[in-house]
Amino acid sequence: MRITSTPEATRLRHGVAFYDTEVDLLAQLVPVVEAALAAGRPIALALRPTTEAALRGQPTCDLADAVALTRPDGPDGPSGQTLAARWARELRTLTAAGRQDVCVVIEHWDAFDGSDGGFWTELDAAANVALSDLPVAMTCFYPAYPLHEAVLSGARRNHRTVLRSGRIADNADYLSPQEVLRASPAPAPMVLGPPDERRTFGAWALNEVRASVATMLLAAGFGRDRADDVVLAVNEIATNAVEHGPGDAEVYLWLDADGFVAEVHDRGVLGNPLLGLMAPHPAEPRGRGVWIARQLCDSLHVWANAEGTHVRLRAAP
Amino acid sequence: MTGIGTIDEGRVGHACLIPDSEDHLWEATAAFVADGLAVGERVVYFENDTADDLLGRLADDRVPVSGALADGGLLIVPTERTRQLCAFPVPDIVELMRQTICESESEGWPGIRLAGESRELLPIGGLRKLVAYETAVDGLLAQHPSAGMLCRFDRRFFDDEAVAAMREIHPTELVTPALYDDTLLRVTGSAATALRFAGEIDLSNRPQVRRVLETALDAALRSPYATTDITIDLASLRFIDVAGAVELVHAAETFPDTHRLVLVGARPGVHRVLDRCGAPFAPQLEVVPREEGE
């Protein structure tokens, strides 16, 4: 696959704060929220339920208008890139209305650590790309001593600034999302059973892939418009695989309790680990397909290993 | 012997069509039906699970058919009946066709056009039966100058030998040229700057689509008489991928200020892709959505 990115002015301000105890967490979090409220800035949050309750209990923190961002979740386990793309959509709506930068507060929650905590590294790196053009000030609160070392090392590398004693300082350990993910690649999602249908295809058989997907979706009760959109999403991923991969690719299709799942596998090298996370520049004719596919699916997870590049996408009716 | 021509002298006769693609098949069949309806003739279509394809293409072509379906101007013989007919001995089939023609004459229709699927004859009687049938039909039509018939021989079902035999029997072969046809996408044009896309645009034909657009713009710029709008009818375009849609939007953006790209009849799915690819922000691009009428 090929890297296509047009550098845009980064508007996202993405910082980290480390806390020792719950008391310390609130002591750092409350002033951030108070300052945003005082400035009349919209607030979006993704906090642990106990922290959110404690925050709402503060007399100085009226969070009636605050927007709750989507939680990390999903039938395949959490996907950092899918969640970052979702947050980008949610925050884009919020910033489009706004006159003011949006204040976003995020908190690490070990329930989503998975086997090694790598989800958080992927999420923060993907957020650096997906939210880059949004007028957002995002502060992520991480424990100073998490269970998984990866959580801490990811948090140290993904944030441009660090909040210490109420002051924002540059973070000397910051690395670009590409560098971070080169060292800690996005994990493979949970393995599914044998697919309901599989097909090897080249550039001249994309119409057959589309026909298979359309037949499956319509039989599963997807409406015409939704089916058209999901067919487009699969087509874009499949096109990418045969356009930039070395030769034929494979597509696996499933229908399960959560809806439709497709995986596309090619033997190419994943040049850009954060494919399709950034809105393409209008003058850049390429790189738009995967971005649109992400907008149309409920989740879209890209990962790579020695065998090649893999994409799993999910769509409910 | 084979004469190549288009059906526009009023006399249809016994014509065959060897389609380049599925979209060519429906383009030619729908035109044959529409021309008959336009001059007030009766049209009888023997369907073989293909009525939806025909009616879909007629709708793409904005040909009103509900009146003709109601008053017997357009008769669709159901699949089951078509297959039953094909199983009859040739003289019986031809006799039934003779009756159909005479009925329409006595009901006062100025002419009758027949079209449909003869491929069901092949598995039943092989090429021998097909030749006998077409030869007998040719004789029948010679006796009834107001009757015409379009026989389609799709190469997916008819081999070279069968196609050659059919060309031998039919006095006329209907040939409708395309600017491009790769069986997935068919591009036709009534003028250099009025094109029609039918089928699907994807990675496999992206370069050809670009070339077609460049040629149309070139023609528009060179001719002092050509209109400043390049129109593409998308009514029969079933799919366009993101790069294809970007290609159309980008083409309009690179047109000189004097020229516009007008896309008409886009289906909802195609329209949504164009919208997602920046069509609303290209001042020299106009997308006219499909009118959902009939």
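Reply: A nonpolar core is a set of buried Ala, Val, Leu, Ile, Met, Phe, Trp, Tyr and Cys residues joined through side-chain atoms within 4.5 Å, where buried means under 20% relative accessible area (1.4 Å probe, protein chains only). The model is predicted, so local features need pLDDT of at least 70 and side-chain atom pairs pLDDT 80 or more, while totals for chains, interfaces and linings use all residues. Residues are numbered from 1 along each chain as its sequence is written, chains are lettered from A and ligands numbered from 1 in the order written, and side-chain values use heavy atoms, without hydrogens or water.

The largest core holds 77 residues, and F201(A), F260(A) and F197(B) have the most contacts inside it. Helix α8 of chain A (residues 224–244; a DSSP run of H or I, at least four residues) gives the largest share, 10 residues. Leaving out residues up to four places away in sequence, F201(A) touches (heavy atoms within 4.5 Å) L206(A), V209(A), A238(A), V242(A), D248(A), A249(A), E250(A), V251(A) and V264(A). Another core, of 36 residues, lies apart from the largest one, with L12(A), L83(A), L123(A) and A130(A) among its members.

R152(B) sits in strand β6 of chain B (a DSSP run of E, at least two residues) and counts as buried because its relative accessibility is 5%. Beyond four places in sequence, R152(B) is in contact with residues including L17(B), L25(B), W26(B) and F158(B). The R152(B) side chain also makes a polar contact with the side chain of Y45(B), at 3.3 Å (N or O atoms within 3.5 Å, one able to donate a hydrogen and the other to accept it; residues adjacent in sequence count only if both atoms are side-chain atoms). The backbone oxygen of G116(B) is 3.3 Å from a polar atom of the R152(B) side chain.

Note on methods. Buried means under 20% relative accessible area, exposed over 50%, partly exposed in between (1.4 Å probe, protein chains only).
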